[in-house]
Amino acid sequence: MTDSDEDEILHTGDFLELRRRRGWEYVRRPRSSGGAAFMIATTDADELVLVEQFRPPVGAVVIELPAGIMGDEHPDETTEQAACRELEEETGFRAARVKRIFDAPTAAGITSEWAYFLRMDALTRVHQGGGVDGENITTHCVPIMAVPQWLEHRAAAGSKIDPRIYAALFWLHQESPKRWT
């Protein structure tokens, strides 16, 4: 769903706006270009880069792909530039290769936001990461073949798992099916 002039704005907060269109309520990010970049980043050691942080809306620590809102602070950035900046801020890795591979609605029943998946590799560690402005992000580099078991262990310990990680594993499998045999 794209935003339009026929939307009724019900409430505007600092970062979100509640809107209604033809009886359907949804959330929009008014200070964003309408999307979030999700990075499928791998190290030269064949590890998937994941992040962990407390997420207040679900009241739990969540394991996720590195990700970030596009256009909120840097409105002229391309999707690829935003992904590179966010990857470096959150994880401390800089990617030499970036390829946009898939775009999809983030949660079509509740938000107009789009998810942009980018494949990133040839990483160089330039600092420890951790995020910006009070973010408390922990970076994990997990061997790709061990990701499912690692996630299972983390879930058993109480962490919540973002399902986009499984989409990343699908794309990694498509890229290199021999890795999985």
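This tour of a predicted model visits a helix residue and then some salt bridges.

**Stop one: Thr91.** Start by selecting Thr91, which lies in helix α1, residues 79-91. Thr91 has 0% relative accessibility, so it counts as buried. Now show its surroundings: leaving aside residues up to four places away in sequence, Thr91 touches Val49, Val51, Pro66, Arg125, His127, Gln128, Gly129 and Thr139.

Next, look for the polar side-chain atoms of Thr91. The backbone oxygen of Leu87 lies 2.6 Å from a polar atom of this side chain, and the backbone nitrogen of Phe93 lies 3.1 Å from a polar atom of the Thr91 side chain. To get a sense of scale, draw a distance from the C-alpha atom of Thr91 to that of Glu80, eleven residues apart along the chain: the separation is 16 Å.

**Stop two: salt bridges.** How many salt bridges are there to look for? The count comes to 17. Select Glu17 and Arg28, whose side chains meet in one of them, at 3.1 Å from N to O. Glu17 sits in strand β2 (residues 17-21) and Arg28 in strand β3 (residues 24-28), so this pair ties together parts eleven residues apart in sequence.

Move on to Arg94 and Glu88, whose side chains form a salt bridge at 2.9 Å, N to O; Arg94 is partly exposed, at 45%.

Finish with Arg100 and Asp103, where the closest N and O atoms are 2.7 Å apart. Arg100 is partly exposed at 35%, and Asp103 is partly exposed at 31%.

Methods. Residues numbered from 1 in each chain as written. Predicted model: local features only at pLDDT ≥ 70, side-chain atom pairs only at ≥ 80, totals over all residues. Heavy atoms only, no water. Helix = DSSP H or I, 4+ residues; strand = E, 2+ residues; numbered from the N terminus. Buried < 20%, exposed > 50% of the residue type's maximum accessible area, 1.4 Å probe, protein only. Contact = heavy atoms within 4.5 Å. Polar contact = N/O pair within 3.5 Å; in protein donor to acceptor, adjacent residues only side chain to side chain. Salt bridge = Lys/Arg side-chain N within 4 Å of Asp/Glu carboxyl O.
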